[in-house]
Amino acid sequence: MSLPNVTDLRRRGSRGGIISAHRSMVGLQVRRRRVLSAVLLALIGSAGAVVALQPIGRLWQAIYTIALPRLGLDPTIATRMLRFPGLSFGIDIPFPTLTAHWPTNTEMIVVSLVSIVLVGLTLVLPSRVLPLAYFVRALVVIQVAALGYFTFATPPFPYELPRYAAGFLSAGAIFLTSVPTVLGLTYYLVDVSLWRKVFLTVLLFGHLIVLFPLQTLVHVWTIHSASLLLQPVLFLVFGLLVDVLVLVAFYGWGMSWPAARPRERRP
Amino acid sequence: MIVTILAIGLSVVVAILLIYTIRHYIFTLNRLIGRHRQPYVDIGVADWPLVTVLIPAHNEEQVIEGMLDALLAADYPTDRLQIVPINDRSSDATGAILDRYAAEHPRRITPYHRTDGMPGKAAALADASQRFAGDIHLVFDADYLPGKGLLKQLVAPFFDPEVGAVMGRVVPHNLNRNLLTRLLDLERSGGYQVDQQARMNLRLVPQYGGTVGGVRRSALEAVGGWRADCLAEDTDMTFRLVLQGWEVVYQNRSECYEEVPEQWPTRIRQVMRWTKGHNQSLVRYGGALLRFPRRMPVSRAIDGLLLLGVFAVGPILLFGWVLALTLYFLGASLLEGPIAVLSVAAFGTLGNFAAFFEVATATRLDGTTRRVRLLPFLAFGFLVNLLAVSRATASPISWIQGSPMRWDKTERYRSEEANQ
């Protein structure tokens, strides 16, 4: 017969129940197995993401092949080689080759008017949605900067649309490979069961794998249709910021999941 | 040439943001798996010192009764406790309420009515603390609701003679009102459960926050008393004590309930006041910390500097976005990396508004995990904070010896029914 663990006995009440520690003093029990699994999960996840990038690239190509003609756009797709330091092989990142035009005077006037209307709207919004008003004003500030640029600059624009799309997708690929490391820094250490950690990682991967090409498609379609005038705001606000938002949302969801074993919390 | 200069500038901004992110990460990891350190707590029988509880109040008729009722119910020996609500020229019924309570509890409540002198919480404390002889001066805001055992918990750490100030944990009680109160609840969790406790664990600089805590009177006198010309008397006191070799300790166990702002304009005013006060302290004590005082561990001095600089991170981040935008138009390449860092920073490495992983860890430790699903919305709160902090930083009063010429009071929302 094995003796009961003294640490466990210390937390037992007179009727045998567990006396839980006050929230101010709880922490996580550092179990070697969990730390090891966190490190392994991060390493395997990152390595798996790098290996998976080639088929992911093919998936993105398939998405463009289907979506571009349906949007009435030129279906030509090019690839750009993405190389990771220390790896002998590169990964082909497919991207649409659509071009965008320099903004016309009419487009400049329309965007200016829309910007003025948006600022006006933020002034009448109730104070309870103040963050939304601030967000819209921030968008307008960037848009006004773009209007100023296109008023005084002359073609060509330093970021042609294909280069922009390729750059964004390459950044997306790097972002994907860094997801397990980011999760490994804290999420893999917490007292959530291993299968849930794997599940969240796969779910987040799946979401981002689909989001990146669709996000690029929206950007490309918008810029192709409405000129380069909208590219700065799309790049700065609706680019990687959106993907970080997705990461934070999934992370928050995962952190809300119950502990694998409540007793693991140390007093 | 211009692109190179701007790129260097952006790199510096990214480096500063990374330093703060790493700092928050170290705190998070420490709080999760590090050794828990706490001052004396849960002392049942002792020769309790004479305590003066100071409650600065300016037009607090909505909340002051709740505060006084809570203090009257405290289990601290009544002959060792002076309750001193400071009526600082209120124009509402605060003065009358205090007089009524004093009449009902003549030996327990001693209101102090201020009718002249400099306005503001710091001035009120400076004035009142000279008139009352308690060994320990505890300070609460008028909207706080201390529990029965809180006073003993806050006084217990002072049995250690090195302790100059104690801070407890602030927990919002009106968190379910709207998105703002829920976000503030998340921020508070991250800021106290992880950030403050980790600084306590690591023997860095836990901050005396001026609302759920207190100062040893002899320490107060040793550093020259409360400075009346402060907008953040708590930060000011923290650094004066630390620089003079006193310990400032954080007591995570001592929870007190507060009313957080329920409207964004109120929140903006609060953040702007904190920013101005914090920046004043940065100007006053940053140089002393940079000289790395001999009695102070280097890690504490560095953390003190980072703590003093937290409200400067907002304008720095804003400057980073401006640089990124400018570089973008100038055709600079490889902007995705800095943009990613600026984006991550948008989820909270500003001020005492904890980073997203810090908040998530705090809610997990708190055991109330569903609320953490609001994590992505922190970006909205952060945007408002960023602009409020930047506006306040641009104000000259933020950096010079600005004297608060009026009470910049936080609006209260508690209804009469809630008080009952």
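Buried area is the accessible area (1.4 Å probe) that two parts lose on being put together, summed over both. By that definition, chain B and chain A bury about 4600 Å² between them. Carbon and sulfur atoms account for 69% of it. The model is predicted: local features need pLDDT of at least 70, side-chain atom pairs count only at pLDDT 80 or more, and totals for chains, interfaces and linings use all residues. Side-chain values use heavy atoms, with hydrogens and water left out; residues are numbered from 1 along each chain as its sequence is written, and chains are lettered from A in the order in which they are written.

Contact means heavy atoms within 4.5 Å. The contact between the chains takes 52 residues from chain B and 51 residues from chain A. Polar contacts are pairs of N or O atoms within 3.5 Å; within protein, one must be able to donate a hydrogen and the other to accept it, and residues adjacent in sequence count only if both atoms are side-chain atoms. Between chain B and chain A, 15 residue pairs are in polar contact (both at pLDDT 80 or more). Several elements of chain B each supply at least two residues of the side that touches chain A, among them helix 1 (2–33), strand 8 (247–258) and helix 13 (356–366). Helices (H or I, at least four residues) and strands (E, at least two) are DSSP runs, numbered from the N terminus. Helix 13 of chain B gives the largest share of this side, seven residues. By class, the side of chain B that touches chain A has 31 nonpolar, eleven polar and ten charged residues. Here Ala, Val, Leu, Ile, Met, Phe, Trp, Tyr, Cys and Pro count as nonpolar, Asp, Glu, Lys and Arg as charged, and the others, Gly among them, as polar.

A salt bridge is a side-chain nitrogen of Lys or Arg within 4 Å of a carboxyl oxygen of Asp or Glu. Side chains of opposite charge can pair when their charged atoms come close. One of the pairs is A:Arg23 with B:Asp366, whose closest N and O atoms are 4.0 Å apart. B:Glu255 lies in strand 8 of chain B. Its side chain makes a polar contact with the side chain of A:Arg23 (2.8 Å). B:Glu255 counts as buried because its relative accessibility is 11%; buried means under 20% relative accessible area, exposed over 50%, and partly exposed in between (1.4 Å probe, protein chains only).

Other salt bridges lie within chain B. B:Arg284 and B:Asp236 meet at 3.3 Å, N to O. The pair links distant parts of the chain, helix 9 and helix 8 (residues 233–243), 48 residues apart. B:Arg284 is buried at 15% relative accessibility, and B:Asp236 is buried at 0%. B:Arg227 pairs with B:Asp229 at 3.2 Å. B:Arg227 is partly exposed at 25%, whereas B:Asp229 is buried at 17%.

Chain A is divided into domain 1 (30–102 + 155–266) and domain 2 (105–150), with bounds from an automatic or database domain assignment. Their centres, taken over C-alpha atoms, are 29 Å apart. The two domains bury about 1100 Å² between them, 76% of it on carbon and sulfur atoms. In domain 1, A:Trp102, A:Leu229 and A:Val233 lose the most area to domain 2, together 49% of what that side buries. Zero salt bridges are counted between the domains.
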